[in-house]
Amino acid sequence: MRCDRLWYNARLATMRGDLPGMGEIDGGIVASSDGRIVFAGAASDAPMFDAVERVDCEGRWITPGLIDCHTHLVHAGDRAHEFELRLDGASYEEIARAGGGIVSTMRATRAASEAELVATALSRLDTLIAEGVTTLEVKSGYGLSLDAEMRMLAAARRLGRERPVGVVTSFLGAHALPPEYAGDADGYIDHVCTVMIPAIAAAGLADAVDGFCEGIGFTPAQIRRVFDAAHAHGLPVRLHAEQLSNLHGAALAAEYRALSADHLEHLDEDGVRAMAAAGTAAVLLPGAYYFTREHRPPPIALLRAHGVRMALATDCNPGTSPLTSPLLVMNMAATLFRMTVAECLAGVTREAAHALGLAADLGTIEAGKQCDLAIWNIERPAELAYRIGFNPLHARIRKGE
């Protein structure tokens, strides 16, 4: 059997859900052709391969390529001053209501060209790639006008052309209220639904629509209108929900069969049940939990008990999670949320793929899927969540290359 490339003498953490644990296979091989996996398993079970290139992994571990399923990678400026304010006791909500927060980044982002947005995002993207990320999601939401939001999304699309990485985009117009709509949140939501979503959908710039359902964001009724508009234009939805309070946004997301509900520190059991019934993934963001010094973790035990998929992501953003390390995210999830090593690694592979609606193609090592791999200089997968400030990546494979 002919193949383009064969990795052998490897230990595999396939992350296949039909195998116990992390789907570990000793003495494993992975074969690819035309960018897709044609075999992954024990060498003793493999057919005879005539490979154009053979790669001896020398006993290294191979996992699926990592997936960062929630980022705000494209933006201008930073919010280091607000970090200092928080150290002095100001809350995230107080800073936002005083004109800082998302609106602060909006001003810098509106002033930046598409080329400038790409250039600043590439440095953050390169850090993610260096830790094994092969696919990531990028949200808009710092433009808050049609022109600026489209510019952000176009910049995000360009990242996937500038680097060998898959980029999924989410339109997050319902992120904050721009100054020109001060005191008129319903008017801004009208604009999002009747002008922005139709234009962005027509331009093919977004793969999904997101929103921020929170006291300093938008109400469930307003988010419902956004979701209706998204579905009318054939776009799936996801939602920032239950980060600072419980407005039952996760249940609303589940009602719309959202791909994911994200943050979830204040999620209750009714919301968990709704997510489980809808198949909506929970995207947990320990970087934001840590950076904002939150004390209430997401209800991991409830999510676990009801079988809700738990994905992990960096939430890379300038205000509440200036983080570009999926490896540190795994460590934080293990130490702060008490997730297991298997849950952490699944969170940045298999479950992250589900959160993006890409599980048919990504997230596990098995025949038929895209050949996105990360090869590690480790003795056991636990090292990926155990070490801090140490990157054991040996090689990163995207579409078999």
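Tutor: Start with R54 and Y8. The charged end of R54 sits over the ring of Y8, 5.0 Å from the ring centre. "Over a ring" has a rule: NZ of Lys or CZ of Arg is within 6 Å of the ring centre and within 35 degrees of the ring normal. R387 does likewise with F390, its charged end being 4.6 Å from the centre of that ring.

A word on the source. This is a predicted model, in which local features need pLDDT of at least 70 and side-chain atom pairs count only at pLDDT 80 or more, while totals for chains, interfaces and linings use all residues. Residues are numbered from 1 along each chain as its sequence is written, and side-chain values use heavy atoms, leaving out hydrogens and water.

Now the salt bridges. Side chains of opposite charge can pair when their charged atoms come close. The rule here asks for a side-chain nitrogen of Lys or Arg within 4 Å of a carboxyl oxygen of Asp or Glu. The count comes to 27.

Take E53 first. Its partner is R5, and their closest N and O atoms are 2.8 Å apart. E53 lies in strand 4 (residues 50–56) and R5 in strand 1 (residues 2–13), so this pair ties together parts 48 residues apart in sequence. Strands are DSSP E runs of at least two residues; helices are H or I runs of at least four; both are numbered from the N terminus. R5 counts as buried, at 15% relative accessibility. E53, at 35%, counts as partly exposed. Buried means under 20% relative accessible area, exposed over 50%, and partly exposed in between (1.4 Å probe, protein chains only).

Next, E82 and R79. Their side chains meet in a salt bridge, 2.8 Å from N to O. E82 is buried at 8%, and R79 is buried at 5%.

E351 and R309 also form a salt bridge, again 2.8 Å from N to O. The pair links distant parts of the chain, 42 residues apart: E351 is in helix 14 (residues 350–355), and R309 is in the loop between helix 11 (300–305) and strand 13 (310–312). E351 is buried at 7%. R309 is partly exposed at 34%. Elsewhere, shared partners join E137, K139, D210 and R238 into one network of salt bridges.

E149 is buried yet has no salt bridge. The nearest side chain of opposite charge, R110, is 7.4 Å away. Charge is counted simply: Lys and Arg are positive, Asp and Glu negative, with His and the chain ends not counted. Not counting residues up to four places away in sequence, E149 touches several residues, including Y142, L144, F171 and M196. Contact means heavy atoms within 4.5 Å.

Last, the setting. The chain has 15 helices and 15 strands. Of its 401 residues, 58% count as buried. Among contacts between residues at least 6 apart in sequence, 71% join residues at least 24 apart. The C-alpha trace spans about 70 × 40 × 40 Å along its principal axes.
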